[in-house]
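Work through the exercises below with the sequence and the model side by side. Try each task before reading its solution.

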Amino acid sequence: MADYKTWMLTGYRQNHTNGREGLQYFHVSGLVNHRYFSDTNGQDIANWNTSYTVQSDHGAFSNSNGRYYCYSEGVFFSTVTLMYTNPNTKDFHVALYKNGSRISLSNDHAGGGGSNGHTWNGATTSALCRVAEGDYITCRAIASSGATSNPRGYLYGGSDYNGWQGYYLAGAQRDDPST
């Protein structure tokens, strides 16, 4: 077990391999436009509204490809909530991925459009995972095949209804990163 001083400082240690320091975090919200399931199903979500983006120094989040890059080893927590309409009332999932492998998945079955009283729905998933320098985290929306055909469901664009956050847990890193 780490001593108190090491535990207090571990989240703020400088990464000796890339010169970055401090506890990394990010928050993005609001998609630039609607994202129809048929166009974005199972793809990393990119192009968030940059006016709602907050992140630690060194800019680890890339809005162009929707990836959050891990600059150091540690334990990382992430959560994503997406607002969507699902007129065909089919399964809908929000997922988090580490290096292209799924680490968390929601299972939501809501919708029906305005005639069913559920025009807009929300789905959330979270994950806690160990990361190494060079890993990346992404989020995706996954809709069943019936939700990608007419009438198509879509993620809400504009405003800040959608949100994705992540941060390192201070004190959760190992004292000796080589083990």
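The model is predicted, so local features need pLDDT of at least 70 and side-chain atom pairs count only at pLDDT 80 or more, while totals for chains, interfaces and linings use all residues. Residues are numbered from 1 along each chain as its sequence is written, and side-chain values use heavy atoms, with hydrogens and water left out.

**Exercise 1. Describe the chain as a whole.**

Step 1. Take helices (H or I, at least four residues) and strands (E, at least two) as DSSP runs, numbered from the N terminus. The chain then has two helices and twelve strands, in the order α-β-β-α-β-β-β-β-β-β-β-β-β-β.

Step 2. Count a residue as buried under 20% relative accessible area, exposed over 50% and partly exposed in between (1.4 Å probe, protein chains only). Of the 179 residues, 43% are buried.

Step 3. Define a contact as heavy atoms within 4.5 Å. Of the contacts between residues at least 6 apart in sequence, 76% join residues at least 24 apart.

**Exercise 2. Determine how many disulfides the structure holds, and check Cys70.**

Step 1. A disulfide requires two cysteine sulfur atoms within 2.5 Å. The structure holds zero disulfides.

Step 2. For Cys70, the nearest cysteine sulfur belongs to Cys129 and is 7.0 Å away.

Step 3. Cys70 is buried, because its relative accessibility is 2%.

**Exercise 3. Is Ser78 buried or exposed, and what does its side chain contact?**

Step 1. Ser78 lies in strand β6 (residues 74-85). Ser78 is buried, because its relative accessibility is 2%.

Step 2. A polar contact is a pair of N or O atoms within 3.5 Å; within protein, one must be able to donate a hydrogen and the other to accept it, and residues adjacent in sequence count only if both atoms are side-chain atoms. The Ser78 side chain makes one with the side chain of Trp164, at 2.9 Å.

Step 3. Leaving out residues up to four places away in sequence, Ser78 touches residues including Leu96, Thr125, Ile137 and Trp164.
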